[in-house]
Amino acid sequence: MVRRMTSAGQTRMTDPDDRASIDRFRAGVIRETTLFARKELGVEESTGHDWWHVDRVRMVALNIAECEGADPYIVELAALLHDIEDYKFSGSDEAGPRAAAEWLISLGVEDEVTKEVAGIIRWMSFRGAKVEEVPLSLEGECVQDADRLDAIGAIGIARVFAYGGHVKRPIHNPDMAPDLHTSAESYVTSKGTSINHFHEKLLLLKERMKTPTGRRYADSRHERLVEFLRDFDAEWTGAK
Ligand SMILES: [Fe+2]
């Protein structure tokens, strides 16, 4: 159960037909949700799913939303709340969307907004190379693309080894082949190596970007992965 906000008065919608009142209410919801996400995720978390990850996802998702004409309010709320009670850590598909919905309800956010945000969080995660994905709204696509962009490029490389260490993955074992998982369960419980994770997920993400803006972002980040693997392999084999 999420805590109720202590400053509910600051975000109460005084007149649902008045644009200025709606804007004030929404600004308060974003402000409170930012504080909530930062407190829940923390800045000392060491798996790469910390507050700064969420902050980057929020910024990139809003940039994508602007280019794609998506609703920035839905996008920002889903980005801020998307990793709270994440299924990889909680072991539950429902805990994350439930926590997000409870938080938004506690702020008095409209039902349709709460439902949309919780739905995005429920279905946006990557759950294995061969696991079919559920189609998302445009707003969901912006958040999913931004989350996936943070898994590739220079930051993605840093995060894959941070998370790999957390779940005790070896860095590399040339005797182990990548596994293109066919179920979410085998993906989450995989004991494969961090280098294999590039082949099992990271290198696949460029082709799975949903928005044109996300695809543009992904191009250079994908190239960074390819270059890194080329250098890693050359050093591993003593070629340079
Ligand atoms: Fe994330």
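**Close-up views of helix packing and loops**

The crossing of helix 2 and helix 4 is left-handed, and it opens this set of close-ups from a predicted model.

**View 1. Helix 2 meets helix 4.** The axes of helix 2 and helix 4 cross at roughly 15° and come within 9 Å. That angle makes helix 2 roughly parallel to helix 4. On the helix 2 side, look for Arg26, Ile30, Thr33, Thr34 and Ala37. Their partners in helix 4 are Tyr73, Glu76, Leu77, Leu80 and Leu81.

**View 2. Helix 4 meets helix 7.** Helix 4 and helix 7 (residues 111-123) pack with their axes 9 Å apart, at an angle of about 50°. At that angle, helix 4 is oblique to helix 7. The contact brings together Ile74, Leu77, Ala78 and Leu81 of helix 4 with Val113, Glu116, Val117, Ile120 and Ile121 of helix 7. Helix 4 passes helix 7 in a right-handed crossing, whereas the crossing of helix 2 and helix 4 is left-handed.

View 3. As background, nonpolar side chains tend to be buried together in soluble globular proteins. Which residues does Leu81 touch, leaving aside its neighbours within four places in sequence? They are Thr33, Ala37, Ala100, Trp103, Val117 and Ile121.

**View 4. Helix 6 and its cover.** Helix 6 (residues 95-106) has 12 residues and reaches 16 Å from its first C-alpha to its last, close to the 16 Å expected at 1.5 Å a residue. Its buried residues are Gly96, Pro97, Ala99, Ala100, Ala101, Trp103 and Leu104. Two of these, Ala100 and Trp103, are in contact with Leu81. The cover over the buried residues of helix 6 includes helix 2, helix 4, helix 5 and helix 7. Just after helix 6 comes Gly108, with a positive phi of about 80°.

**View 5. Glu85 and Ser90.** Glu85 lies in the loop between helix 4 and helix 5. Its phi is positive, about 55°, although Glu85 is not a glycine. For context, most residues other than glycine have a negative phi. Ser90 belongs to helix 5 (residues 87-90). With 14 C-beta neighbours inside 10 Å, Ser90 also counts as partly exposed. Leaving aside neighbours within four places in sequence, Ser90 is in contact with Glu85, Ala95 and Gly96.

View 6. The 14 residues of helix 9 (residues 153-166) should span 20 Å at 1.5 Å a residue, and the 20 Å between its end C-alpha atoms agrees. The buried residues here are Gly153, Gly156, Ile157, Arg159, Val160 and Gly164. They pack against helix 8 (138-149), helix 11 (194-200) and helix 12 (212-236). Helix 9 is followed by Lys168, whose phi is positive, near 60°. Lys168 is found in the loop between helix 9 and helix 10 (184-188). Is Lys168 buried or exposed? Lys168 is exposed, with 7 other C-beta atoms within 10 Å.

View 7. Ser46 lies in the loop between helix 2 (19-41) and helix 3 (51-68). With 11 C-beta neighbours inside 10 Å, Ser46 counts as exposed. Not counting residues up to four places away in sequence, Ser46 touches Ala162 and His166. The C-alpha atoms of Ser46 and Gly165 are separated by 9.4 Å, although these residues are 119 residues apart along the chain.

Technical notes:
Residues numbered from 1 in each chain as written. Predicted model: local features only at pLDDT ≥ 70, side-chain atom pairs only at ≥ 80, totals over all residues. Contact = placed C-beta atoms within 7 Å. Helix = DSSP H or I, 4+ residues; strand = E, 2+ residues; numbered from the N terminus. Expected span 1.5 Å × (residues − 1). Buried ≥ 20, exposed ≤ 12 C-beta atoms within 10 Å, placed from the backbone. Axes fitted to C-alpha atoms, helices over the stretch in contact; angles between N-to-C directions. Parallel < 35°, antiparallel > 145°, perpendicular 65-115°, else oblique. Left-handed = near helix turned anticlockwise from the far one by under 90°.
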